[in-house]
Amino acid sequence: MSAQLNQLLNIKYPIIQAPMFLVSNTAMVIEAMKGGIAGCIPALNYRTLPELKAAIHELKAAKVEGGSFGFNLIVNKSNIKYKDQLRVLCEEGCDFIITSLGSPEETINQAHKVGIKVLCDVTDLKFAKKVEALGADAIIAVNNEAGGHRGEISPKDLIVLLKSNCKIPVISAGGVGTKAELDTMLGYGADGVSIGSPFIASMEAGVTDEYKQACVDYGANDIVMTQRISGTPCTVINTPYVQKIGTKESWLESVLNKNKKLKKWVKMIRFSIGMRATEKAAKEATYKTVWVAGPSIEHTTEILPVKSIIQNLTT
């Protein structure tokens, strides 16, 4: 199971445990590294810079041969913490950074100065070529089977498209919950895979047992797109509460989003409201359940340690 991602991040298996808002934590990433893969945490999972620094120190102390760790940065203007988070990551050190939702130029420039690899989320060829030209070390190809904010192109078509037109490694994100599916992505030409949703139902994940059990009880057909979390279409489990509130933006939001000057502020407000609701559902037992996940929960049949999930994906 050797691929370019193995060499890029010095890992045993070509897998990144994808960064998941509110779900990913140091316990998960430490077990990921022990299992021979890379683990990644959204920097936004930490409310303060001292908390982010403490996480980096914990992961550096737990680093083992064959594993690596990194952080995900939201690099657009909606993340007012971005520049400080980037500074801390570069000062304290990590193996890699994954950028999302914006231009990675500054991140690439600053990270490369201190030897940190930068992998960039993309959903199409146009943006892939842009980040390659900026010096990205690899592309995270987010396809239409990914969880959270997914792309619109099928895994096979996106991998083939990017591999045919880009020279840097292409890491496929979405649609992998078994070893057979992982092998399929590598067979399409992917240089590795990023896997998120199967790790939600892990013993180490810092979310409620209800959230984890939902990933066991629901399947691929229960995943729907909603605009009511961040203002950008996002995949969630179609719980009774999601059915009750609906998945479309409100009439007022629809009108305001047509105004270029107001659109950014509407999205920021929606993001703030949606994230608070999602955090409450992730951290507390509540009937207001907004659980983000992708269709690969289809293969989640029980709550397991991260170690066992990795074994199921690699053996």
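1. Two aromatic pairs turn up when the whole structure is searched. Here, rings of Phe, Tyr and Trp (its six-membered ring) pair if their centres lie within 6.5 Å; planes under 30 degrees apart count as stacked, over 60 as edge-to-face and the rest as tilted. The model is predicted: local features need pLDDT of at least 70, side-chain atom pairs count only at pLDDT 80 or more, and totals for chains, interfaces and linings use all residues. Residues are numbered from 1 along each chain as its sequence is written, and side-chain values use heavy atoms, with hydrogens and water left out.

2. Phe-69 and Phe-71 make an edge-to-face pair. Their centres are 6.4 Å apart, with 90° between the planes. Phe-69 and Phe-71 are both buried (under 20% relative accessible area; exposed is over 50%, partly exposed in between; 1.4 Å probe, protein chains only).

3. Tyr-211 and Trp-291 are stacked, at 5.8 Å centre to centre and 10° between the planes. This pair links distant parts of the chain, 80 residues apart. Tyr-211 sits in helix H9 (residues 209-217), and Trp-291 in the loop between helix H12 (260-283) and helix H13 (306-314). Helices are DSSP runs (H or I, at least four residues), numbered from the N terminus. Tyr-211 and Trp-291 are both buried.

4. Now look at Leu-158, in helix H7 (residues 155-165). Leu-158 counts as buried because its relative accessibility is 0%.

5. Which residues does Leu-158 contact, leaving aside neighbours within four places in sequence? They are Thr-123, Asp-124, Ala-141, Val-142, Asn-143 and Ile-153. Contact means heavy atoms within 4.5 Å. Val-142 is 16 residues from Leu-158 in sequence and 8.3 Å away in space, C-alpha to C-alpha.

Methods: Helices (H or I, at least four residues) and strands (E, at least two) are DSSP runs, numbered from the N terminus.
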